[in-house]
Amino acid sequence: MRVVIVTESFPPDVNGVAHCALQTARHLVDRGHLPLVVAPATAPGTEADAPEAPCPVVRVPSLPLPGYPQVRVALPSRRLVAALTEHRADLVHLASPFVLGVRGMAAAARLGVPAVAVYQTDLAGYARTYMGAGEAAAWRRIRSVHAAADRTLAPSSAALRDLEDHGVPRVRLWPRGVDTVRFRPSRRDEALRRTLAPDGELIVGYVGRLAPEKQVELLAGVCGLDGVRVVVVGDGPSRGHLTEALPGAVFLGRRTGDELARIFASLDVFAHTGPFETFCQTVQEAMASGVPVVAPAAGGPLDLVAHGRTGLLVPPRDARAVREAVGALAADPARRAAYGAAGRALVEGRTWAAVGDQLIGHYQDVLAARRTAVAA
């Protein structure tokens, strides 16, 4: 199968869309398929930070998003249509289509190539966060883009319901995998823990973008708990604000690969705060690392966290609830250990190979439906 993955983001970018697109390309290659990636050009000087790609990557011109330079927005380019044509694509995979993906959808339609659109970003939630309005307009755009696809894949049951409630047709569930070899409890590092918490504090970690929609400032109350050290991994436009909002927290910046896995496993509690997650990969990585989770009872975490078994779900945007949940786990080592072990057991079967095969099944369904339609 010749697949063109049109993605709004790809490594060296560090985010869910980029990571999922990379894992998809790797799996397709492993299964003997022929993927090609089309993605925005990276920021100057960052090319060396990208891991080796498993397949050819076509970069189209891009510009940094105003106010958020870590995000690159693709510019119009003939390279996209040329890539689809030259690769002789059987199917186009649109990863979180919004700008480049919209052009990819149009190109696929013009060439008569079926398209599978993967919904990954809560644009409506972002519109509320950054503009205070625009949610209805965001949903109109989402509906317009995804309605043109042969199939839309939602990462969680909450995302699937949102899409269907807003009139998006042909939606199916496709979750995300997790690297259970890289992220595992045995990577716990006592020397690292002594560096992060020299007085033996309990370590509560957040991993992700530092941006307004993530609402990391909700951890301010956790910073005030006795015997607790908050550790923040990631970067973004809110970092300066958060260094003031989270007194005593340790900011490690962006970390990846085995180093990130070592940090995850060295935590005592993982706390996620963002209420707009369509999935929330970092929750899965924490669970794979044997770490109990505190997360908002909204979006993707509803599918991932078994409340009272692998972690605690709290009302979204409730700083007091976050503080109380972390405090309860801090006071109960046996509960933390039980939740961590249960979380690891729950995700052990959610490998990228397993969900990658599910994705190929969706591709095959779409191709079969196209063949049937043509024959009719």
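This is a predicted model: local features need pLDDT of at least 70, side-chain atom pairs count only at pLDDT 80 or more; totals for chains, interfaces and linings use all residues.
1. Helix H15 covers residues 352-375, and its 24 residues reach 34 Å from the first C-alpha to the last, which is close to the 34 Å expected at 1.5 Å a residue. Among the buried residues of H15 are Trp352, Val355, Leu359, Ile360, Tyr363, Val366 and Leu367, and the list also includes Gly356 and His362.

2. The structure holds 16 salt bridges. In one of them, Arg262 pairs with Asp189, with the closest N and O atoms 2.9 Å apart. Because Arg262 lies in helix H10 (residues 257-265) and Asp189 in the loop between strand S9 (171-173) and helix H7 (190-196), this pair ties together parts that are 73 residues apart in sequence. Arg262 counts as partly exposed at 30% relative accessibility, whereas Asp189, with a relative accessible area of 19%, is buried, the cut-off for that class being under 20%.

3. A salt bridge also joins Glu201 and Arg229, whose closest N and O atoms are 3.4 Å apart. Glu201 lies in the loop between H7 and strand S10 (202-207) and Arg229 in strand S11 (residues 228-233), so the pair ties together parts that are 28 residues apart in sequence. Here Glu201 is buried, with a relative accessible area of 12%, while Arg229 is partly exposed at 22% relative accessibility.

4. Arg344 and Glu348 meet through their side chains in a salt bridge of 3.3 Å, N to O; Arg344 counts as buried at 16% relative accessibility, and Glu348 is partly exposed, with a relative accessible area of 45%.

Conventions. Residues are numbered from 1 along each chain as its sequence is written. Side-chain values use heavy atoms; hydrogens and water are left out. Helices (H or I, at least four residues) and strands (E, at least two) are DSSP runs, numbered from the N terminus. The expected span of a helix is 1.5 Å times one less than its number of residues. Buried means under 20% relative accessible area, exposed over 50%, partly exposed in between (1.4 Å probe, protein chains only). A salt bridge is a side-chain nitrogen of Lys or Arg within 4 Å of a carboxyl oxygen of Asp or Glu.
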